[in-house]
Number of protein chains: 2
Amino acid sequence: MTTVRIAGATLTHFGSHPDRTGRDLFAEAALGAREQAGVPRDDIDEVAYGNFMGELAERQGHQGPIMAEAAGLNCPATRYEDACASAGVAVRAGVSAIRSGRADVVLAGGMERMTNQETENTTEFLAIAADELYEVRAGMTFPGAYALMQRAYMNEFGGEREDFAHIAVKNHDHALPNEYAQYRSAISVEDHLDAPMISDPVGLYDSCPITDGAAAVILVSEEYAAEHALDAPVAITGTGQGGDNIALQDRTHLNRTPATARAADEAFADAGITPDDVAAVEVHDCFTVAEVLALEGLGFYDPGEAVTAARDGETTKHGSLPVNLSGGLKAKGHPVGATGASQITEMYRLLTGEHPNSEYVDGRVGVTHNAGGTVASAVVHVLEVDA
Amino acid sequence: MTTVRIAGATLTHFGSHPDRTGRDLFAEAALGAREQAGVPRDDIDEVAYGNFMGELAERQGHQGPIMAEAAGLNCPATRYEDACASAGVAVRAGVSAIRSGRADVVLAGGMERMTNQETENTTEFLAIAADELYEVRAGMTFPGAYALMQRAYMNEFGGEREDFAHIAVKNHDHALPNEYAQYRSAISVEDHLDAPMISDPVGLYDSCPITDGAAAVILVSEEYAAEHALDAPVAITGTGQGGDNIALQDRTHLNRTPATARAADEAFADAGITPDDVAAVEVHDCFTVAEVLALEGLGFYDPGEAVTAARDGETTKHGSLPVNLSGGLKAKGHPVGATGASQITEMYRLLTGEHPNSEYVDGRVGVTHNAGGTVASAVVHVLEVDA
């Protein structure tokens, strides 16, 4: 089975782009990745594209061929959807397409346009990632769902809202030098605690923002990279995906995410690594508690320990395991259907020394973690430089 | 690379099921396929699920994990979306997942629930498969788009509405013994010509109906089938996908479907077959002209010839190339996100002698063709029995 390499990886600025269409945004990322890779357009075998809520927010389905066209391509194109894990799933599909032999070169990425809607609409649209019959009809939206998860965590393991504040403070700090980030502004623990409560204990600064943006990566087979003498030092050596019941009521624990653990087990085994090998991690911190649950699900911390690690600074850029050096969903932004690909792009930049925070990466293995809903879907990738 | 085999393949009745949820429908198909295959639930590595308009029609995204749960599974699950080609793409993803080595057993299928909406809504929801910026805003819906394609075909190649009527008459005839079909009623050429015009030259009987339904197949690796002594005589030996510009205005011809040709080239090469090897075909006849364009795109007829073949009876059950022995989208029904998987199921039944129309299949190779939008996406599969 061939090794899959990254030949190019870019993203747009994450933020509010009301004047730009979705195809504009994806084209920018895709053309950037194509230019970086130096791959002729006719060599691209397929487009693997993530988008979550475009059917509602833009009244546009069938975005695969639209985005292929926007990227200047005339090739098979498919949309992958697992809520906010859509682009992670698209990247995983690209890896499998190359490993299966059906493709040598895949453009994988995602796009979401969210700020063209009223916040109320966006909240309602995002809620379709939860169970319509058993959760949404009862009034559940995602801040409420993650509030239940954080409350269950605090009930079992302790911890205060202030402990979670450290995660938001850290991710805002990490985003400061990142030109693509939505928020490049420092916040303090006091700012976090003084901010409006959204759904107790989830406050405004526990929550990621609403974002427009796109990201794209060019994946190539080892053989293609060698034949064309591509500069592709980073390989995706592991991919894994996990699933879970979609409704919280069907879970045995609200404060554990077994889908993440399953995805990590598969990806780490695929790459032949252990958590100890990992130098940097990008996790799906749609809420601060989500970062905690992700780090525990990935096996970096035992249940109940990751919030302590955050408070103790272990996951800052100066800590033993830098988490979300990009700024994470919290500060870099979260265009939901693009996030999984943007994590791959950011990890690529971190590992190749092109990221302003690359200096904090002490090692050659990075892990990305993308989740959908209340982690009913999770996708994990292992990236290695000079592999 | 392993050969991918079908261990089970079922569908629900296609028709109007206003009293059943989407998960009810998919569970019926999935449990049927599981039972037929005799595969333990823990052996199923992933669910590849097609759905097109559920975000609008059911306000439910993230249906992958929901449908895995409905099927009694706790495994990774992803939704694939390429408009009406969604389930074809899902089956193709399942094939690649097994060929890539990431899975041994995949449950692939799709579901769509459409009759819970007013027809007006359904038409509007289906329109999101077209280009929102350049087609839908101008008032384009699918009967109109296919009317343009049929008009362009008639202008270049001749043919009358009566010639196209033969396709509808044939597909209704084929559906008569099919217990899963939405319409088991014969129609005549006169019925077709007397029926209301929808969008000239597309009349009511040129158009497929609005349908609820689901279909599922269990795909297994050759090795898994052998190890577990499964009865799996049909292999999927070829898979291909093609893309095209989504808006008709960007095509060089309105009466040709190059995405189908690209998908067929890839699938036939993958299987090592030519059109001459094929004993039966299931094509995407959302409108009668779509069947014509599909047969020409697949290489069974030269441009301008397939409508003549229909008039001459070559594609009936008694003809040289039986097309849509299931009844096709026209008479079997078209639950859009399930159709691609239902074609695989019907071809499996046809090849294994389990279909009431199996007697008309003279050979061991069948081809399925699933299209999205005005064929901006196309997926082709080659199935072989005793391969």
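**The interface of chain B and chain A**

Author: Eight salt bridges are counted between chain B and chain A. Keep in mind that this is a predicted model. One pair to find on screen is Arg79(B) with Glu55(A). Their closest N and O atoms are 2.8 Å apart. In general, side chains of opposite charge can pair when their charged atoms come close.

Polar contacts come next. The rule finds 32 residue pairs in polar contact across the interface of chain B and chain A, both residues being at pLDDT 80 or more. Several elements of chain B each supply at least two residues to the side that touches chain A. The helices are H2 (54–57), H3 (63–70), H4 (86–99) and H5 (119–126). The strands are S3 (77–81) and S8 (234–243). Sorted by class, that side of chain B has 21 nonpolar, 18 polar and 18 charged residues.

Now the extent. In contact are 57 residues of chain B and 57 residues of chain A. About 4,500 Å² is buried between the two chains. Carbon and sulfur atoms give 44% of that area. Look at Glu55(B), Arg59(B) and His62(B) in particular. They supply 17% of the area that chain B buries against chain A, more than any other three residues.

Strand S3 (residues 77–81) of chain A runs antiparallel to S3(B), and three bridges link them. Within this pairing, Tyr80(A) stands opposite Tyr80(B).

What about symmetry? A rotation of 180° superposes chain B on chain A, with 0.0 Å of shift along the axis and an RMSD of 0.0 Å. The two copies are therefore related as by a two-fold rotation axis. In chain B, the C-alpha nearest that axis belongs to Ser100(B), at 1.9 Å. Both copies use the same surface: 100% of the contact residues of chain B recur in chain A.

Next, some details beyond the interface count. Over all chains, the whole structure holds 44 salt bridges. One of them joins Arg364(A) to Glu384(A), with the closest N and O atoms 2.8 Å apart. Arg364(A) sits in the loop between helix H14 (339–352) and strand S10 (365–372) of chain A, and Glu384(A) in strand S11 (residues 377–385), so the pair ties together parts that are 20 residues apart in sequence.

Finally, check the backbone. Most residues other than glycine have a negative phi, and most peptide bonds are trans. Chain A has a cis peptide bond between Asp200(A) and Pro201(A), with omega about 10°. Pro201(A) lies in the loop between strand S5 (197–199) and strand S6 (202–203) of chain A. In chain B, the peptide bond from Asp200(B) to Pro201(B) is cis, with omega near 10°. Pro201(B) lies in the loop between strands S5 (197–199) and S6 (202–203) of chain B. Ala229(A) is not a glycine, yet its phi is positive, at about 50°. Look for Ala229(A) in the loop between helix H9 (222–227) and strand S8 (234–243) of chain A.

How values were computed: Residues numbered from 1 in each chain as written. Chains lettered and ligands numbered in written order. Predicted model: local features only at pLDDT ≥ 70, side-chain atom pairs only at ≥ 80, totals over all residues. Heavy atoms only, no water. Contact = heavy atoms within 4.5 Å. Buried area = accessible area lost by both parts, 1.4 Å probe. Salt bridge = Lys/Arg side-chain N within 4 Å of Asp/Glu carboxyl O. Polar contact = N/O pair within 3.5 Å; in protein donor to acceptor, adjacent residues only side chain to side chain. Helix = DSSP H or I, 4+ residues; strand = E, 2+ residues; numbered from the N terminus. Nonpolar A, V, L, I, M, F, W, Y, C, P; charged D, E, K, R; others polar. Pairing = 2+ DSSP bridges. Least-squares fit on C-alpha atoms with pLDDT ≥ 70 in both.
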